[in-house]
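Dear colleague,

I am passing on the structure we spoke about, with the sequence and the coordinates together below. Please have both open while you read the notes that come after them.

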Amino acid sequence: MGMVGVQENGSGETARKNKYKRMDSELTEFDDDNLQIREDRKSTTGKYVLACVVFASLNNVLLGYDVGVMSGAIIFIQKDLKITEVQQEILVGVLSVVSLFGSLAGGRTSDAIGRKWTMALAALIFQIGAGVMTLASSFQILMIGRFLAGIGIGLGVMIAPVYIAEISPTVARGFLTSFPEIFINLGILLGYVSNYAFSGLSEHISWRVMLAVGILPSVFVGFALFIIPESPRWLVMQNRVEEARLVLLKTNENENEVEERLKEIQLAAGLTNVEKYEQKAVWHELLSPSPSLRRMLIAGFGIQCFQQITGVDATVYYSPEIFKEAGIENDSNLLVATVAVGVTKTVFILFAMLVIDKLGRKPLLYLSTIGMTICLFGLGFSLTFLGKGQLGVAFAILSVCGNVAFFSLGMGPVCWVLTSEIFPLRLRAQATALGAVGNRVSSGFIAMSFLSVSQKITMGGTFFIFSLVSALSILFVYKYIPETKGKSLEQIELLFKNEVDWQGSEVELGDVQQLVQKE
């Protein structure tokens, strides 16, 4: 009997072990299945968000293309329509000035009809303007087309970063919000390539074809409307909470985070907060800001202005004139040199996109502004002291390419990322529009005065001034720009409300190297 009992106990023990093994196996299989489901969901949401961001950025190709194509098209327009140098400056710079009206209207328009349909309206207005420019028979008609195209571009440039920031997961927001700047650079490159490709046509036809090609990107925006959703934050502002939840489920891989993020958005929108925002008119609040909003406006508006008054648009719009001053005479060689500028600008913006969420916004701004200051000084030195020999040409091309490379590493993408993420939800669209106005006015001022100022104080002297302004931008970044890497939009709002936290988020110049080494 004893032996039987032992055998029975042994058999029972074996059975229990086998049972636990089966349970462990089933649990492992269950965990593997859950892991696979999470990975599949992560992949699906990642692809969906990326598609939304790409389509939302298409309007920015229009701005880039116009900047790039006008640098070469203006050569043929001047010959065909016999316009003066002053008219040339006005034609180039007026688009930036007029686009401020589009940017100003963009805030209220996007709050009224939504971010998605504002992008559609921007593309439509630009198409009409580009069509008028293509068929223009005089300077006056060409200006009408520039006015319309400028309004469309102003709308598109303002709304794209807002929309992208509002649909992007926190961890990848910097990477995704830099896409509009990438597409601007892609547009500039396409414009340069278009100049070179169609330069062999007659003077009467070449510039018209160059401008007409710019209509194509806006056509794809129509297809995008069937793919991209409305901004979940705008939907919450309209009390369409369930629709916002569905969008967040498509753009966030973790369902638990969706509910948490939705509550944060509702709180920011004033829908679930007991102490709701005062019912001020948005513009009244912007013109009479609280201390925290004032800090946001200084940071957002200031960085937008510094992006342009350091002269990047002068470098891009007038690169053929700069290279001609350096010693390149042949039109074809001038356009080839501008293509090199476009390629450099595009390559370095891609690098910035990959590191912006790793290194942070502020270290990239330091690297960018310091590098631009050196290159702008180098360009001024080259044009002033090296003459029109081979050394002068080589140094000028190197300085221009270096300037746009450092711009693309920081000031280009980070400017729009910061502006789209630092403002409170209820003010975001119109505050971002205000920043875009500062950007466009500064761009127009530089574009419309560059040739005249260069005649007065020489082109080299003009770039010495740009170098000084760029040096001032380093100090501005140090004093007024906080680090926003890794924070949700709602957390960034709280950061500016607490002055101690805001100052504590500063990244010192010496920390840049340390951050790079840690990564």
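What follows is a short account of what was found, going from the whole chain to single residues.

Please keep in mind throughout that this is a predicted model. The chain holds 25 helices and zero strands, and of its 519 residues 56% are buried. Among the contacts in the chain with a separation of 6 or more, 83% are between residues 24 or more positions apart.

The largest nonpolar core has 119 residues, and the members that touch the most others are Ile-77, Leu-91, Leu-142, Phe-450 and Phe-463. Helix H2 supplies the largest share of this core, with 14 residues.

Not counting residues up to four places away in sequence, Ala-244 touches Pro-232, Leu-235, Val-236 and Leu-262. Ala-244 and Ser-231 are 13 residues apart in sequence, and their C-alpha atoms are 7.6 Å apart in space.

Val-69 belongs to helix H2, residues 58-81, and at 1% relative accessibility Val-69 counts as buried. When neighbours within four places in sequence are left aside, Val-69 is in contact with Gly-191, Ser-194, Asn-195, Met-210 and Leu-211. Val-69 and Ile-188 are 119 residues apart in sequence, yet 7.2 Å apart in space from C-alpha to C-alpha. Ser-57 sits in the loop between helix H1 (2-56) and H2, and Ser-57 is likewise buried, with a relative accessible area of 0%. Its contacts, again not counting residues up to four places away in sequence, are with Ile-164, Phe-179, Pro-180 and Phe-183.

As for how helices pack, which way do H18 and H22 run relative to each other, parallel or antiparallel? Helix H18 (residues 361-385) and helix H22 (residues 459-480) pack at an angle of about 165°, and their axes are 8 Å apart. An angle over 145 degrees counts as roughly antiparallel, and H18 and H22 are therefore roughly antiparallel to each other. The crossing of H18 with H22 is left-handed, and the contact between them has 18 nonpolar, nine polar and one charged residues.

Finally, I would draw your attention to helix H16, residues 319-326, where six of the eight residues are buried, so that H16 is largely enclosed by the rest of the structure. The buried residues of H16 are Ser-319, Pro-320, Glu-321, Ile-322, Phe-323 and Ala-326, a list that includes Glu-321 as well as Phe-323. Just after H16, Gly-327 takes a positive phi of about 135°.

With best wishes

Technical notes: Residues numbered from 1 in each chain as written. Predicted model: local features only at pLDDT ≥ 70, side-chain atom pairs only at ≥ 80, totals over all residues. Heavy atoms only, no water. Axes fitted to C-alpha atoms, helices over the stretch in contact; angles between N-to-C directions. Helix = DSSP H or I, 4+ residues; strand = E, 2+ residues; numbered from the N terminus. Parallel < 35°, antiparallel > 145°, perpendicular 65-115°, else oblique. Left-handed = near helix turned anticlockwise from the far one by under 90°. Nonpolar A, V, L, I, M, F, W, Y, C, P; charged D, E, K, R; others polar. Buried < 20%, exposed > 50% of the residue type's maximum accessible area, 1.4 Å probe, protein only. Contact = heavy atoms within 4.5 Å. Core = buried A, V, L, I, M, F, W, Y, C linked by side-chain atoms within 4.5 Å.
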